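Me: I am new to this structure. Please show me how to read it, feature by feature.

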Amino acid sequence: MAKNRKRPFGYDMHGGQNVINEGEANLVKEIFAAYKNGSSYAKIVEMLNNQPIPYFNQDAPWVKTMVARILNNLVYVGNCLLYTSDAA
């Protein structure tokens with residue numbers, strides 16, 4: 001039986017591959033930029049709740065744990081493929 005994978009926010013799954021979702025990806029960039037510029041999780045959540053893109057199509061407001069999940073996900077900093085291949 002195939003294992004279901006949860007896609008990272010900012011990506012869609014097509015043919016088993018992660019494909020960038022431009023609207024969500026732009027929001028991920030805004031989240032990182034705001035955090036880099038000193039915004040707190042609470043301030044970022046406030047910004048996110050004033051825009052139309054929901055977190056994984058949920059009908060719920062953004063919360064700090066959602067922001068933390070994005071900021072702490074290594075996929076966004078390019079480490080997701082580290083040590084996944086024996087090819088040299």
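Reply: Start with handedness. A crossing is left-handed if the near helix is turned anticlockwise from the far one by less than a right angle, and right-handed if clockwise. Here, the crossing of α1 and α2 is right-handed. A word on the source: this is a predicted model, where local features need pLDDT of at least 70, side-chain atom pairs count only at pLDDT 80 or more, and totals for chains, interfaces and linings use all residues. Residues are numbered from 1 along each chain as its sequence is written, and side-chain values use heavy atoms, with hydrogens and water left out.

Me: At what angle do α1 and α2 pack?

Reply: Two packed helices are described by the angle between their axes and the distance between the axes. Axes are lines fitted to C-alpha atoms, for helices over the stretch in contact, and angles run from 0 to 180 degrees between N-to-C directions. For α1 and α2 the angle is about 145°, and the axes lie 10 Å apart. On the α1 side, Leu27, Glu30, Ile31, Ala34 and Tyr35 make the contact; on the α2 side, Tyr41, Ile44, Met47 and Leu48 do. Contact means heavy atoms within 4.5 Å.

Me: How many helices and strands does the protein chain have?

Reply: Helices (H or I, at least four residues) and strands (E, at least two) are DSSP runs, numbered from the N terminus. This chain has 3 helices and 2 strands. Their order along the sequence is β-β-α-α-α.

Me: Which residues of the largest nonpolar core touch the most other members?

Reply: In soluble globular proteins, nonpolar side chains tend to be buried together. A nonpolar core is a set of buried Ala, Val, Leu, Ile, Met, Phe, Trp, Tyr and Cys residues joined through side-chain atoms within 4.5 Å. Buried means under 20% relative accessible area, exposed over 50%, partly exposed in between (1.4 Å probe, protein chains only). The largest core here has 17 residues, and Phe9, Ile31, Leu48, Tyr55, Trp62, Val67 and Ile70 touch the most other members. α1 (22-36), α2 (41-48) and α3 (64-71) each give two or more residues to this core. Beyond four places in sequence, Leu48 touches Leu27, Ile31, Trp62 and Val67.

Me: Is Arg7 buried or exposed?

Reply: Arg7 counts as buried because its relative accessibility is 17%. Arg7 sits in the segment before β1 (11-14). Its side chain makes a polar contact of 3.1 Å with that of Glu24. A polar contact is a pair of N or O atoms within 3.5 Å; within protein, one must be able to donate a hydrogen and the other to accept it, and residues adjacent in sequence count only if both atoms are side-chain atoms.
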